[in-house]
Amino acid sequence: MRFSLEKRDTPLVSGWSIVAMSVLAVLIGMALGGILFLPFEASPWEGYQSLIGNAFFSKRGFGYTLVTATPLMMVGFGTIVAWRCGFIFLGFEGCLLIGAMGGTMVGLGALEGGILSSTAPALVIAIALAWGATLGALWAGLVGELKIRFGGNEVLIALMMNFLAIYLVQYLVAGPWRVVGDMPQTERLPKDLWLPYIVSGTRLHAGFLVAIASGVVIWVVMAKSRAGFEMIASGLNPRSARYGGIQVAIRQRQAALIAGGLAGLAGAITIYGVHHRLLDGLSDGTGFVGIVTALLGRMSIPGTAIASVLYGGLSVGGDAMQRQTGLPSSIVLIVQASIVLLLLATEVLRTHRIVFSRKKKI
Amino acid sequence: MTNAITLLRMQKITKRFGASVLANDKIDFDLHAGEVVALLGENGAGKSTLMNILYGLYEPTEGKIEFSGVQTSFRDPAQAIEHGIGMIHQEFMLVEPFTVAENLLMGTTTLPAGAENLNTARQLIREISTEYGLQVDPDARIEDLSVGQRQRVEILKLLFRHAKLLILDEPTAVLTPQETDALFEVLNRLRSNGHAIVIVTHKMHEVMAISDRVAVMRAGQMVATVNTSESTEAELVRLMVGRDLDLSVDRTEPKGRKRALELVQLQVEARVGAKATPPVALVLRHGEVLGIAGVDGNGQTELIETIFGLKEAQSGSITLEGREITNLTTVERRAAGIGYVPPDRRGVGALVTLSIEDNVILGASKEFTQFGLLNRSLARIAADNVIDRFGVKTPDAEFISGNLSGGNLQKLVLGREVSRDPKVLLIEQPTRGLDVGAIELVWGEIIEQRNQGAAVLLASTELEEILALSDRIAVMFEGEIMGIVPRDKATTPILGAMMAGRQLDEVAV
């Protein structure tokens, strides 16, 4: 039997076909990963059962899944804004860390003796999130400015600035902001400065609602507003956009600020909702995985949100599976990566169909 | 001619793309040694498909090809060239920093007889060049050659590889009238030497001037093959389009004639690597079409983009109805009443991945905005207006603009610009690549705008178009305006000489 790819007359666009192909990709990815279970004489069936059960079918676990998905979503939304405007930004990791740093800075100022020590906790949180978003926006805005004004390479600059942010946080938690103790981390913020948990019995914090709200706002901006239209036009074809009187450079600057702001906000939310202190290794690739969720979500807001939850579930469920079965975490990471690759590969099936042809028997 | 040897016989050639597109429907096409055949047809008639099948780029769905009496089917162009079939595309395939000889030797796996090394090859090039009057120096670098010379290098390349059948795709699109004459001279020599030549074209006067026979295609079918001497332009157009056409232009005498646009000592930014050009002075009045003739790439686009604000003026001023607009942005100039139909409608004039409605928003997004949000119902009404008024053939305004045919997309771009009632309308290459039916409509609309009092600046490389539409004609050469001639004084020789770089006072008697 042979198979070949044949171009479809019209590409598949219906939601159901996308869901079906995505499910197929997940199943194939899990089947491939299942092979890796065999040397450990572990049952893939049980492993995956524990993965999915923990990630999506236990209240506490699903709470964790949504907590993990929160920053992924926001980085994903930022990716949509920047990339659709033609600004291929890879610096979300840096923005997220800088936002976390900014948020922590405000929180530390609210400790006893700080300048914000007499401010109401809710206001401190609000200032902290706003300051985190601002710093994230400026961090990305600097990359945008270097690209737009001097023609710098946005990819290279953003990646280098990621390192700058990573080591800046390392420096702060190891030096100036370090709390007495074994770990390089800052003092823990008092409980009244934590984002409230919104579902009892889970760790799901109010930051998730902020992420959902930001998704709605970004959707309105991109799909309904003039600014969004002009950003999308700038990204699709800068020459046409300029011809249409759109100030491409200004729109790209705005997109950079929005994208960086979202990532910075995500960073501050992670501090106030999850860790409650600044520590080394805080982000660990969230700024990159968020880009992947946007790609998996085909650059749409709902798609990105769903992809973020699925990816969050894989992480949470994978950790649980590792704890329960004792399998090395590398297996889980391989399964994750295979699923992502296969999901991206289904893109081909939207425009092509697989044709099986059997050799004719006489 | 009819008793000459049949070099090529294509029989019942059918080509389908997918299930629905029938690009060639049982085409018969013969070619004899020593004749020039014009392959005439509108866009989408199937001319290119047929030639690409012959050249080995496509495989026919059905039908057979006999070349020199042997049944053949070429897998790829390399095989076609080996058998003596050569094609010259509109874009030349030459390596600019290399010399003519280097370009000719490049890619030849087996060197032609008599060209064992670069020296003998140079000798051979000189011989062929002299024999056919090509006047090509084998040691000249391509980048130093004019467009007409480069085309002759392409011809030389085919002759060097012993091509017996030459296919030329729209060969005169980039040439001045003088260069066109020189090309026809070369083609005549090739014909008398026994070569067979196919010219793919839709320009009627060229068909009449050079061809022995005309093969007319329409909608994938070969509708007629006639001897040129026994036909007329009008008959050929009727065969090509399937109906009578009215390309006559109905102009009313303009009123007012106030100055609409004035360029004073306008210094246009030179292209990278090009030398600075003298400043431009120009007055454009309401109710007139000022044509800018010139070979492509002589500064027309740069001038118009500067007027539109896409390029910054180095010095000098641009005035719209007495108001200086030199420092306004493009969107401000649009709001002030300037519209622009760019030459590259797919790459610049439209956002081809977006809908017709989105494209109607382009350029006036502010007017469709309320409280920061786009008012889609307003945009829909505007889009439906453009579709109705200009007869854009589309299912609805949601349709992706890039899937429109060239003619319909141009109607959309022109319609959008015109629907904003511009005081000054800048138009470049409005009918490039359009078929005759669409040309009729576009020309009609340009004149309609003029008659209603708009000031139209029309840059085109098609002299026919310039002569048909303009009240006055300016000629540009290397960024400089060589002179402005009123329409009744303009003749092809005068304009042609100016297009080749001579000042008006040198050529006018």
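Student: Where is B:Thr72 placed?
Tutor: B:Thr72 sits in strand S5 of chain B. Helices and strands here are DSSP runs, numbered from the N terminus: H or I over at least four residues for helices, E over at least two for strands.

Student: What should I know about the model and the numbering?
Tutor: This is a predicted model, where local features need pLDDT of at least 70, side-chain atom pairs count only at pLDDT 80 or more, and totals for chains, interfaces and linings use all residues. Residues are numbered from 1 along each chain as its sequence is written, chains are lettered from A and ligands numbered from 1 in the order in which they are written, and side-chain values use heavy atoms, with hydrogens and water left out.

Student: OK, back to B:Thr72. Buried or exposed?
Tutor: B:Thr72 is buried, at a relative accessible area of 15%. The classes are buried under 20%, exposed over 50% and partly exposed in between, with a 1.4 Å probe and protein chains only.

Student: And what does B:Thr72 touch?
Tutor: Leaving out residues up to four places away in sequence, B:Thr72 touches B:Ile65 and B:Phe67. A contact means heavy atoms within 4.5 Å.

Student: Which loop holds B:Ser68?
Tutor: The one between strand S4 (62–67) and strand S5 (70–72) of chain B. B:Ser68 has a phi near 50°, which is positive in a residue other than glycine.

Student: Which other residue has a positive phi of about 50°?
Tutor: B:Gln135 does, although it is not a glycine. B:Gln135 is in the loop between helix H4 (118–131) and helix H5 (147–160) of chain B.

Student: Why do B:Ser68 and B:Gln135 get their accessibility labels?
Tutor: B:Ser68 counts as partly exposed because its relative accessibility is 37%. B:Gln135 counts as exposed because its value is 64%.

Student: What does B:Gly309 touch, not counting residues up to four places away in sequence?
Tutor: B:Thr330 and B:Arg333. The C-alpha atoms of B:Gly309 and B:Arg333 are separated by 7.3 Å, and the two residues are 24 apart along the chain.

Student: Now B:Glu445. Which helix is that in?
Tutor: B:Glu445 lies in helix H15 of chain B, residues 436–451. With a relative accessible area of 13%, B:Glu445 is buried. B:Glu445 touches B:Arg389, B:Phe390, B:Leu414 and B:Val418, again not counting residues up to four places away in sequence.

Student: Zooming out, how is chain B divided into domains?
Tutor: Domain 1 is 6–241, and domain 2 is 259–356 + 405–507. The bounds come from an automatic or database domain assignment. The centres of domain 1 and domain 2 of chain B, taken over C-alpha atoms, are 33 Å apart. Across the two, 11 residues of domain 1 of chain B are in contact with 15 residues of domain 2 of chain B.

Student: How many helices and strands are in chain B?
Tutor: Chain B has 18 helices and 22 strands. Its radius of gyration is 25 Å, close to the 23 Å that the globule rule gives for 509 residues, so chain B is as compact as a globular protein of that length. The radius is taken over C-alpha atoms, and the rule is 2.2 Å times the number of residues to the power 0.38.

Student: What about burial in chain B?
Tutor: Of its 509 residues, 54% count as buried.

Student: Switching to chain A, how many helices and strands are there?
Tutor: Chain A has 13 helices and 2 strands. Along the principal axes, the C-alpha trace of chain A spans about 90 × 60 × 35 Å.

Student: And what share of chain A counts as buried?
Tutor: In chain A, 48% of the 362 residues count as buried.
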